[in-house]
Amino acid sequence: NTLTATATGSGIAGNPVTFTATAGAGPPASIVIHAGDGQTAAPGATVPIRPAVRVTNQQGSPVPGVTVTFTAANGGTVTGATQTTNANGVATVGAWTLGAAGANTLTATATGSGIAGNPVTFTATAVAPAGSWSTRASITPRTFLGAGVVGGTLYAVGGSNNAGPQGTLEAYDPTANTWTPRASMPTPRERMGVGVVNGILYTVGGVKSGVDIIYVPTVQAYDPAQGAWSTKAPISSARFDVGVGVINGLLYAVGGENPDNSTTGYSKRLEAYDPTTNTWTIKAPMPTARKGHAVAVVNGILYAIGGFHLDPVHDVGLYLSTVEAYDPATNTWSTKAPMPTPRVWASAGVVNGIIYVVGGANGPGVATVEAYDPATNTWSTKTAMPSPRLGLAAGVLNGVLYAIGGQLAAFEPRGTVEAYQP
């Protein structure tokens, strides 16, 4: 900057004189997004345009030398998180890798006080390609657990680890890609059935701790709104590896095992629970006695899929591919196309009217994923899970199927959570 001083008169040597001064940038007064907002990439992929901010002073001129820190949410990561504005007042993050599918955010915070717009937030959308799997935040490791969805939250409950059956309840937020502990189930159990009716999560039957295996008829309900558990009327027959499905406000429990109850120990029993009366009613038995089967409901029909059956004549255990469907309107069962891969201890979820059966065992744990279309009574093979597992739980949230926990072959409980985008 210059300033001139001119004296009045003529013949004055050096007239006018000139002063010079350098104007500093002054303190930062504002921060705004400069580049890289509103992008799309796959989960676990880096956005193509590196997010950048611009810092200016009160006159709108760039301010160099300001420290800016970038922080990713939703399971995303950044490299070069701490940057300094250049001569143009711009700071650019090294890279932003997206986390969980859906909306992701990145915040940029400038050092200093009184900076308008500080911090700024970038948004990006992580879109998983159809038929792909991605890894999500882990749960507390356990196997033979259950899962259910209430509102926008996925719950993982019970199961077992090296300490025996657990009461652990954890809640998953897909936006933050985080699991949060909730009130523990009063009776720690594994191998129980789980279903959700009117925003309440129910756990049915299973095995609890003891010197020997203790089969229980216990039914307990968790209300997320209250953060509390309550005990409900027990099922009529104590058993574990029972399947559960929900139709029109009723909770159906089918099959399972209790060697004290029959020649083979495997049950055909189907009973329905009405939460409004806290009562169970016996329904038409499932044609094939079994345990460890997957259960799913589509359009008011309950499907029992796979499992394990003991042939009493030959005293041989059989991995089942059997699919049987129950219609509560007529209280009858029908046989459907068998699952291509016989297995036990798989889990199932429904996305857009298609049943996806994941994992399980026919010896060791498998990574197999097969999809059943009730409209055509046909099966198709889908992309296998990255991690083979049995005794896992499954839940569907926002059109994404989550495969949770489980084990491989030997008793080695895992906290693995993988998400499938059909």
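Analyst: The questions below go from the whole chain to single strands and residues. This is a predicted model, with local features needing pLDDT of at least 70, side-chain atom pairs pLDDT 80 or more, and totals for chains, interfaces and linings using all residues. Residues are numbered from 1 along each chain as its sequence is written, and side-chain values use heavy atoms, without hydrogens and water.

User: How many helices and strands does the chain have?

Analyst: The chain has 0 helices and 42 strands. Both are DSSP runs numbered from the N terminus: helices are H or I with at least four residues, strands are E with at least two.

User: How do you know what the radius of gyration says about a compact globule of 422 residues?

Analyst: Taken over C-alpha atoms, the radius is set against 2.2 Å times the number of residues to the power 0.38. That rule puts a compact globule near 22 Å, but the chain has 30 Å. The C-alpha atoms fill a box of roughly 130 × 40 × 40 Å along the principal axes.

User: What makes strand 21 (residues 200-204) mostly covered?

Analyst: 5 of its 5 residues are buried. Ile-200, Tyr-202 and Val-204 point one way, Leu-201 and Thr-203 the other way, and all are buried. Across the chain, buried residues make up 49% of the 422.

User: How do you know which strands pair with strand 21?

Analyst: Pairing needs at least two bridges found by DSSP between two strands. Strand 20 (residues 193-197) is joined to strand 21 by 5 bridges, antiparallel. Gly-193 stands opposite Val-204 there. Strand 24 (residues 219-223) is joined to strand 21 by 4 bridges, also antiparallel. Thr-203 stands opposite Gln-220 in that pair. Strands 20 and 21 form a hairpin with 2 residues between them, and Asn-198 in the turn has a positive phi of about 50 degrees.

User: Why do strands 26 and 29 count as edges?

Analyst: The open sheet has 4 antiparallel strands in the order 26-27-28-29. Strand 26 (243-247) and strand 29 (279-283) each have a single partner strand, so one side of each is left without a neighbour in the sheet. Strand 28 (residues 270-274) is joined to strand 29 by 5 bridges. Ala-272 has Thr-281 as its bridge partner in strand 29.

Methods:
Buried means under 20% relative accessible area, exposed over 50%, partly exposed in between (1.4 Å probe, protein chains only).
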